Amino acid sequence: MTQHRYLPHTDDDVARMLGVVGKPTVEALFSHIPERLRAKRPLEIEALDEGALLAHLGMLGARSQPAIGAVSRDGAALSFLGAGLVPHTIPTAVDMLLQRSEWYTSYTPYQPEVSQGTLQAIFEFQTMVSEILGLPVANASMYDGASATAEAVLMAERVTGRRRVVFAGAVHPQYVETMRTYLSAEAATAEQLADVERHVGIGADGRADAAALEKALASIDDVACVVVQQPNFFGVVEDVARLAKLAHDRGALLVTATAEPVAFGVIAPPGATGADVAVAEGIGLAIPPTCGGPGVGLFAARADLVRQLPGRLVGETVDKDGRRGYVLTLATREQHIRREKATSNICTNQGLIALAFTIHMSLLGKRGFTEMARLCLAKTEYLKGKLAALPGFALPFAGPTFNEFAVRVRGGDAVRVVEKLAEEGIFAGVPAAAPVLGNASSKNDRDLLLVAVTERHSRADLDRLAARLDEVAR
Amino acid sequence: MSDRTTKTGTPIETRHLLHSSRPIFEQGAPGRSGASLPPLDVPSVDPAALFGDGARATAAALPEVSEVEVTRHFTRLSRWNYAIDLGLYPLGSCTMKYNPKVNERAARLPGFAGLHPLQPPSTMQGALELMWRLEKCLCELGGFKRVTLQPAAGAHGELAGVMMIRAYHAHRGDGAKRTKILIPDSAHGTNPATCTANGFQVLTLKTGADGLLSPPAVKEAIAAHPGEIAGIMITNPSTLGVFEEHLGEIADLVHEAGGLVYMDGANFNALLGKVRPGEAGVDVMHINLHKTFTTPHGGGGPGSGAVGVGAALEPFLPTPTVERDDSGHYRLEFNRPTTIGRLRSFYGNFGMFVRAYAYIREMGGAGLTKVTEMAVLNANYIRARLVEHYPLAYDKPSMHEVVFTDKRLKKETGVQTLDVAKRLMDFGYHPPTIYFPLPAVTGGAGALMIEPTETEPPETLDAFCDAMIAIADEAHKDPDVAKNAPHQTALRRLDETRAARTPKLRWTRE
């Protein structure tokens, strides 16, 4: 075949190299593979040149309607989707900087002398995560918020030597499902799972029912941690301090999981309200939503738990000449050193997405982060007021929310309303009973719609959603 | 290095400027920001009034810098990184091949990047179709019945694969007894860590003197634990860069004993078009899209760890799967009664799916076969050129990577693997993987594991081999040069002991 653009070898190159290697043909390099293991037929995948490839991918891309436009809203829907991924405006500079080859075509910084860029950036990332979540140590990132939550539960089990986990209040169904998968080694059957995993529901205000939690903790022992989502799945801001005290009184850790870390621009960070471990999903502040991945899991904890952390850590040190530099450190927790005794099997982190998060947080900065949160809050309160005033609509929970909230829609069928509005280019929100939320989602609350509002929405956008919901829901 | 031997009349060439950049927290000024936010167009809300004690008391101490400063900072930092786009990155087992530019463009198309995972499936048909098509391609390449794209990285794929093995045995009522998994000592550290995370006990198999796993060793381990073997995790080609020639017999033994075969597909780049593991006795394998299929490593992620399975494990795949109806409509299937569940939120690292699919479609079947051929040719070329200077850890035929030892060099000069690695930086290369795999580093020997990949032209390989030879020669004349290397990097050797002894894991004001 002709030489391909990614394969530099000409026929002459191959002939010369085979001479050096001492083989008559390329095929002879594979002659030691036994016949029974050989592929039975050639691969059947058609090749495309760049023009044909982009035409093909462009056609696939055109078969979807984006929720977020590339530059302006150009063709994208008016989207109020959140439920685990709340997209924010990502400044152009973030992606421009990410596209520097030195960032995206480098490997894990195992050789610090030629990886100081990545190492210093991760060190800055760890500092920002520590600041946002209000806990002193943070790792170099996890896969996403859901798997970070599962790793936090496993960590709590290691720290306490206990094995039960209590979910307090409304936690994202995909986080719960992920944790079940991770716990399946110790709780394989439904009965075992029911023993290991307990749930405490929400009160009338939409917050975790603290009295029920207290009762539950008094009646079961061996609880490693209480997991609470902050703000919770319905957007309601939890009283983490109160829940933390209840957990600590029984010797359990308090783990917070956050799908929207912008909340900590206006609400108290988990570390300030007694959380021992806090995790969050950062994708909405790092890159476009990209159908949900790659995301970036933020993971922070109390300083004394550092040796039980999963994942990579970057630490500051000096070089031979005493100059400040950075290295991967405390690797004796990790799989490539500890093998079967590692704190986690995790190897790859989400380096580039963590970098995007770091660049965006640098741009937003101390003032911008708070300002973004205040914009989200004010616009959300505005829309809540508009929807609450619509006949047949109601806000089911009295507890305060940040930038996402649940609303009961007139007519009782949120899924239908969402589909109807999608036809006119409005993604009105995520129905709590939406099949796409997966197998742990609530199938009962058919009338509940989760609506997410950010700085991206203008007052006119909010008015339009309210008007269209009023028209379509019946 | 500076070139001061230029012709008369031309300016002296210099190294260009390499700026350092202090931590971003030490730059800027109070009150400064690089944010561009819209004005408030609705009534303002006071957080304290709404949240009371639950309001944030002090703002997160994020940087206070303008966009110009941010841009300079991250541009300057980037230049302190080595990268594939700068040169050869011969990390064994990491498959640092060229990351095509067109893939980056494709992944940024609004119809991919702009999708929210929870928008109605009817509005994201193109994305579902891409996932469905990528799955079909990976099934074709690996000889598998189905592939899940959900795992976020290789180790995450391992977790999924081993969970499916456990679910398989549990489903057959055999779960309580089958508690052990066989793993050769040459395996990546993630393999044993994955098994422990799944509640399995690891039985380590010693590789033979030839670097291969032998059927008698497997037979013996099975006989010693009758009825207790859940399966085997085997990397092929192994981390020693050699093809596990007895995979067929070993798979037969494990299957006869009621176990399943997990193949670590980290080294799949050596097998495209040559071996389809699903047809060769492998029940489950993860495929690192960020190795074989060119999605960028990004300084340590995101990866993407698709997992292929045969008929035995198909019922246990994570949910959701992507299905195509007869009408050509794509949907997400959540109803799989024996699923292991989900491993993360949403559907996986979708942005990586787009890149991997673009690469697979650009190369095509014949192109991918040539990828493997050139990868193996390149590794064998390096082997042939260096074998006189660095003894091989194992003498078996090499596949896509080759493992050398420092035995001779260390004995003759005192220069060891770490020194060679650091000295390579002065010649403009990222070092190979060092002190791995474990069987190659017994008895105090160091190992250099070199994987050039297929995207390197022979001139680059020659220059690299010349550097390796020059380092060995230099070690005999003046070993201190290597021992004190690197000399040309922005920072010299870093004190890793100090970093671990008194960990400083975040910036603080001095």
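So, the contact between the chains: 179 residues of chain A touch 179 residues of chain B. Keep in mind that this is a predicted model. Which element of chain A gives the most to that side? That's helix H12 of chain A, residues 351-388, and it puts in 23 residues. As for what the chain A side is made of, you get 92 nonpolar residues, 54 polar ones and 33 charged ones.

Let's look at how the chains are divided up. Chain A has a domain 1 at 11-62, a domain 2 put together from 78-90 and 367-472, and a domain 3 at 101-359. If you take the centres over C-alpha atoms, domain 1 of chain A and domain 2 of chain A are 50 Å apart.

Over in chain B, the assignment gives domain 1 as 103-362 and domain 2 as 368-497. Here the C-alpha centres of domain 1 and domain 2 of chain B are separated by 30 Å. Their contact uses 20 residues of domain 1 of chain B and 22 of domain 2 of chain B. On the domain 1 side of that contact in chain B, count nine nonpolar, eight polar and three charged residues.

Now for a strand in chain A. Is strand S8 of chain A, residues 297-301, mostly covered or mostly open? Mostly covered: five of its five residues are buried. And look at which way they point: A:Gly297, A:Phe299 and A:Ala301 go one way, A:Leu298 and A:Ala300 go the other, and all of them are buried.

What does S8(A) pair with? One partner is strand S7 of chain A, residues 277-281, which runs antiparallel to S8(A) with five bridges. Within that stretch, A:Glu281 has A:Gly297 of S8(A) as its bridge partner. S2(A) also pairs with S8(A), again in the antiparallel sense, over two bridges.

In the loop between strand S2 (137-138) and helix H6 (145-160) of chain A you'll find A:Ser141. A:Ser141 isn't a glycine, yet its phi is positive, about 115 degrees. Why does A:Ser141 count as buried? Because there are 33 C-beta neighbours inside 10 Å, and the cut-off for buried is 20 or more.

Chain B has a residue with a positive phi to show you too. B:Thr453 is not a glycine either, and its phi is near 65 degrees. Where is B:Thr453? In the loop of chain B between strand S12 (447-450) and helix H13 (458-477). B:Thr453 is buried as well, because 26 other C-beta atoms lie within 10 Å.

Last stop, a couple of cis peptide bonds in chain B. One joins B:Asn236 to B:Pro237, with omega about -5 degrees. B:Pro237 belongs to the loop between strand S4 (229-235) and helix H9 (247-256) of chain B. Another cis bond links B:Thr319 and B:Pro320, where omega is about -5 degrees. To find B:Pro320, go to the loop between strand S7 (305-309) and strand S8 (321-324) of chain B.

That's my tour, so over to you.

Methods
Residues numbered from 1 in each chain as written. Chains lettered and ligands numbered in written order. Predicted model: local features only at pLDDT ≥ 70, side-chain atom pairs only at ≥ 80, totals over all residues. Contact = placed C-beta atoms within 7 Å. Helix = DSSP H or I, 4+ residues; strand = E, 2+ residues; numbered from the N terminus. Nonpolar A, V, L, I, M, F, W, Y, C, P; charged D, E, K, R; others polar. Buried ≥ 20, exposed ≤ 12 C-beta atoms within 10 Å, placed from the backbone. Domains from an automatic or database assignment. Pairing = 2+ DSSP bridges.
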